[in-house]
Amino acid sequence: MVASSDLACGSGRLTIPLARSGLQVTGGDLSATMLEHARRSAEAQAVQLDLVQLDMRHFDLNGRTFDTTIVAVNSVLHLHSLDDFKGFFQSVARHLSPKGRLVFDAFFPNVAMLSSDPDRRQLVGAIVHDTQGKIIVEETLRYEPLTQISHVDWYWSTSAKKDFWRTPLQVRNIFPQEMPLLIASGGLRLVDRFGDFDRSPLAAGSARQVCVCADQG
């Protein structure tokens, strides 16, 4: 059976479908609360999951190795410093099988967005909640060019209650020429990089960088 790990797995949104497809999946996350959500969801769907609380910047699973390690939905961008990335890639490298692959995505930095007015709100999207009805999400963004970190605030509103919730985020931007260097700092190499999940080539207008990495050897 193919062994896979899903880091920053959260509530198991991807971990559970991967396990249901027949993979042997280990989900890892820093948050015990999110892991408990994943555990309950997996039990409700009769899916067997191995869930581990860990910090993906430095973890050791006692010699276990994986054929594929996945880090989805921009989760690597919650790492900020060069040491964070080095520790993450080193930890993943220690846990990859000889022909194993690390696959992750990171959005392609949008220079126009990074230079926008930090007080101006932009629409992120809308969802329909079971009890709250339609919820609108807006964001403001303040970019620090020296650290390459975007300080983002998400504002959640309904028609009856504006800004009933605020979610602060600190997201690292990784520019295309920087990406291979960060990967190499932890003992891995960039094997493939695509501009989207459809495996289209990375181009100036791409929305994201989908990276496939392997051991340097």
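Me: How many residues line the second largest pocket, and which lie nearest its centre?
Reply: In this predicted model, the second largest pocket holds about 250 Å³ of space. Its lining is made up of 15 residues. Those nearest the centre are Val 103, Phe 104, Asp 105, Phe 197 and Val 210.

Me: Which element gives the largest share of the lining of the second largest pocket?
Reply: S4, strand S5 (96-107) and strand S11 (208-215) each supply at least two residues of that lining. The largest share is 3 residues, and the element that provides it is S5.

Me: What is the bridge partner of Asp 105 in S11?
Reply: S5 and S11 pair in the antiparallel sense over 6 bridges. In S11, the residue bridged to Asp 105 is Val 210.

Me: What is the order of the strands in the open sheet?
Reply: The sheet is open, has 7 strands and shows mixed pairing. Strand S3 (50-53) and strand S10 (188-194) have a single partner strand each, so one side of each is left without a neighbour in the sheet. From one strand to the next the twist averages 20°. The order is S3-S2-S1-S4-S5-S11-S10.

Me: What angle does the direction of H3 make with that of S5?
Reply: H3 packs on the sheet and touches S1, S4, S5 and S10. Its direction and that of S5 make an angle of about 145°.

Me: How many of the residues of the lining of the largest pocket are nonpolar?
Reply: The largest pocket has a volume of about 1,600 Å³ and is lined by 47 residues, with Val 73, Asn 74, Ser 75, His 78 and Leu 169 nearest its centre. Elements that give two or more residues to this lining include strand S1 (3-7), strand S2 (24-29), S7, S8 and S9. The lining has 8 charged and 13 polar residues, and the nonpolar ones number 26.

Me: Why is strand S8 (residues 149-157) largely enclosed by the rest of the structure, and how many of its residues are buried?
Reply: S8 and strand S7 (residues 133-144) pair in the antiparallel sense over 9 bridges. A further 8 bridges join S8 to strand S9 (residues 165-172), also antiparallel. S8 is largely enclosed because the number of its 9 residues that are buried is 7.

Me: Which residue in the turn of the S7 and S8 hairpin has a positive phi?
Reply: The bridge partner of Glu 139 in S8 is Trp 154. Between S7 and S8 there are 4 residues. The residue in the turn with a positive phi, about 60°, is Gln 148.

Me: What is the bridge partner of Asp 153 in S9?
Reply: S8 and S9 run antiparallel. In S9, the residue bridged to Asp 153 is Pro 168.

Methods. Residues numbered from 1 in each chain as written. Predicted model: local features only at pLDDT ≥ 70, side-chain atom pairs only at ≥ 80, totals over all residues. Heavy atoms only, no water. Buried < 20%, exposed > 50% of the residue type's maximum accessible area, 1.4 Å probe, protein only. Pairing = 2+ DSSP bridges. 1 Å grid on protein atoms, 1.4 Å probe; cavity = no way out; pocket = protein on both sides within 12 Å on 5 of 7 lines; lining within 4 Å. Points joined across faces, edges and corners; volume = space filled by probe spheres on them. Nonpolar A, V, L, I, M, F, W, Y, C, P; charged D, E, K, R; others polar. Axes fitted to C-alpha atoms, helices over the stretch in contact; angles between N-to-C directions. Contact = heavy atoms within 4.5 Å.
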